[in-house]
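Hi,

Here is the structure I promised to pass on. Have a look at it first, and then read my notes below.

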Amino acid sequence: MEKFTKMTAIAVPLDRANVDTDAIIPKQFLKSIKRSGFGPNLFDEWRYKDHGEPGMDNSKRPINPDFILNKSRYANARILLARDNFGCGSSREHAPWALEDYGIRVIIAPSFADIFYNNCFKNGLLPIILPETMIDELFATVAANEGFQLTVDLEQQKITSESSSVANIDISFELDKFRRHCLLEGLDEIGLTLGHAEDIRAYEKKQKEITPWLY
Amino acid sequence: MSAKTLYDKLWDSHVVRENDDGTSLLYIDRQLIHEVTSPQAFEGLRMANRRPWKLTANLATPDHNVPTTDREKGIADPISKLQVDTLDSNCDSFGITEFKMDDIRQGIVHVVSPEQGATLPGMTLVCGDSHTSTHGAFGTLAFGIGTSEVEHVLATQCLIQKKSKNMRVEVNGQLNAGVTAKDVILAIIGKIGTAGGTGFAIEFAGDAIRSLSMEGRMTISNMAIEAGARAGMIAVDDTTIEYVKGRPYSPKEEHWSQAVEYWRNFYSDADAEFDKTVILDAADIKPQVTWGTSPEMTIAIDETIPDPEMELDPVKQEGMKAALKYMGLTAGKPISEVSVDVVFIGSCTNSRIEDIRAAAEVVKGKKVSSTITQAIIVPGSGLIKQQAEKEGLDKIFLETGFEWREPGCSMCLAMNADRLEPQQRCASTSNRNFEGRQGQGGRTHLVSPAMAAAAAIAGHFINIKEV
Ligand code: SF4
């Protein structure tokens with residue numbers, strides 16, 4: 001997993017609540033047996049005017065100019081500003097894979113759906129939860145200032161703005177210690193768990209007495 | 001010892017170790033595997049040179065991509081075929097039991113596992129699929145996971161988890177005639193919202209829940225995830241134990257009484273505390289129809305489509321407007337005047353024998369309305385299909401104009417060939433009415449099997465009592 005420490009980038013504001021994983025990556029793209037290559041189909045139904053299918057040449061498809069990711073000012077965005085309950089719906093890990101493949105590393109929202117939130121950390125994505133009022137402010141600031149960049153520092157757990165000309169942003173965010181540690185180090189969770197193999201065996205031995213039909 | 005909830009008991013009995021940061025290493029008794037969320041997990045195992053920790057804990061079957069017609073011809077779409085073939089070869093090479101496409105036991109994972117007795121009370125069960133919550137109906141801690149976690153469970157039989165909060169949803173009293181488990185869960189989601197259960201493990205309780213069959217209970221737990229909760233449980237009782245008895249994966253004679261005694265512990269202690277409690281009166285619940293693009297956008301069959309202007313929250317108001325536009329509906333119209341093009345009875349929510357019987361009872365001796373383009377029934381498993389055919393239900397459907405299909409996910413998410421055309425309106429017994437879920441531009445209304453069957457006959461939504 002790729003480490004995440006600190007990043008400065010443009011944030012793209014996606015002003016919709018309840019963005020579900022079907023919208024993030026439509027199901028026809030789930031047929032792939034690989035982990036990569038989902039980026040061009042991120043938000044496929046909103047980004048393009050036609051119906052997307054795997055194997056199409058995405059550079060030749062008609063794009064929807066009204067969709068926020070297609071606006072040139074957000075072309076290099078690596079931070080996604082979102083609304084309530086982002087990532088609800090199916091458990092597909094293809095959603096974080098698609099975001100990551102597109103280039104997004106941070107998602108800031110007032111709330112996330114549980115499974116999606118979890119899946120982010122397994123793929124080097126940092127989901128940040130902030131109070132609604134702060135999110136509103138971020139949306140307003142980003143919309144009002146073209147080229148505006150945010151700096152997300154995981155070590156310090158801070159979001160700041162480096163451009164001095166506009167509103168000074170200085171926000172702290174909370175994050176689970178273990179998740180922060182894994183992201184900062186880019187750790188493989190399976191390896192960590194296998195380090196406790198003795199504990200797992202001891203648990204199985206004990207359970208075999210209590211629920212022998214499972215063993 | 002202090003009083004515990006059902007969820008506390010399930011959790012505590014599976015903690016392998018507690019980490020300093022509040023997470024726990026949780027032991028997983030059963031993992032279900034299907035073709036969509038597993039290939040990258042197997043690939044990961046291979047790349048790291050790891051083996052499955054406990055082979056017998058896993059059970060696999062393809063469901064999302066399988067065709068529901070002409071099975072002998074195989075899968076036409078080469079990408080779908082590759083995914084199913086990849087599951088077959090992964091299971092073969094690692095030695096995992098799989099009910100392949102031509103096996104009578106094949107079907108939707110969440111239907112197959114309970115049917116086989118692979119879902120048992122008191123266990124932890126996971127699957128790379130959000131509707132894994134279904135299995136909570138057995139007093140089981142069951143939740144959906146992502147592909148990295150599928151790999152984690154394969155390699156270690158464990159997951160690193162943080163405990164959720166406890167929520168209790170009580171439905172008290174007796175359900176009215178014609179009101180089914182599907183209407184109950186839609187009414188619950190309508191009340192608490194699609195994010196109402198986020199961060200919670202829900203226990204469904206109350207006499208209206210108790211009185212449901214296991215099929216009905218599975219319909220309830222299945223949609224816990226649509227209320228934002230990863231897990232939705234129901235306490236173990238006689239109904240649970242009766243259902244489990246004698247199934248292929250259930251405990252055999254020598255362990256049966258020990259198992260029953262153990263399972264009987266899985267209920268919430270009388271004085272256990274919940275972080276949140278929601279109470280509904282069963283008598284208030286009427287047959288439901290969703291009108292929008294989120295399961296919380298639900299109304300009773302005798303209501304009119306709500307007006308966004310009445311909604312004060314601007315974000316919600318926008319959501320309602322967008323939903324009405326997508327659904328091609330106008331506020332104020334009675335839902336019973338909305339006509340339907342397609343009827344789909346199936347999915348892990350409502351494709352069990354009881355669902356098929358309920359639909360058959362409604363359509364028996366009648367004809368599908370001439371305004372309906374397509375009406376299909378997709379049983380949840382090969383065994384259910386066989387059972388229904390034994391009871392002659394297939395004939396009832398075929399005579400009315402329904403199509404009788406092979407088991408799989410089918411039009412629930414349209415990954416195979418079954419899908420809606422843009423703007424087609426569907427009465428569907430599935431669990432998600434998101435934009436494009438059943439095909440790009442398709443319009444989904446979630447209903448119970450009886451309500452879907454009734455809509456097929458009438459050509460529009462109609463109170464089941466009036467058919
Ligand atoms: S039937 Fe639908 S909801 Fe259930 S597992 Fe299949 S695709 Fe998912």
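Let me start with how the two chains meet. The contact (heavy atoms within 4.5 Å) takes in 57 residues of chain A and 67 residues of chain B. About 5300 Å² is buried between them, with carbon and sulfur atoms giving 57% of it; buried area is the accessible area, with a 1.4 Å probe, that two parts lose on being put together, summed over both. A:Lys31, A:Ile33 and A:Trp213 supply 15% of what chain A buries against chain B, more than any other three residues.

Before going further, a word on the basis: this is a predicted model, where local features need pLDDT of at least 70 and side-chain atom pairs count only at pLDDT 80 or more, while totals for chains, interfaces and linings use all residues. Residues are numbered from 1 along each chain as its sequence is written, chains are lettered from A and ligands numbered from 1 in the order in which they are written, and side-chain values use heavy atoms, leaving out hydrogens and water.

Chains A and B share nine salt bridges, each a side-chain nitrogen of Lys or Arg within 4 Å of a carboxyl oxygen of Asp or Glu. One of them links B:Arg419 to A:Glu53, at 3.9 Å from N to O.

Now for chain B itself. B:Thr61 sits in the loop between strand S4 (58-60) and helix H3 (78-94); helices (H or I, at least four residues) and strands (E, at least two) are DSSP runs, numbered from the N terminus. B:Thr61 counts as buried because its relative accessibility is 1%; buried means under 20% relative accessible area, exposed over 50% and partly exposed in between, with a 1.4 Å probe and protein chains only. A polar atom of its side chain lies 2.8 Å from the backbone oxygen of B:Phe99.

Finally, six of the six residues of strand S10 (200-205) of chain B are buried, so the strand is largely enclosed by the rest of the structure.

Cheers

Key: A polar contact is a pair of N or O atoms within 3.5 Å; within protein, one must be able to donate a hydrogen and the other to accept it, and residues adjacent in sequence count only if both atoms are side-chain atoms.
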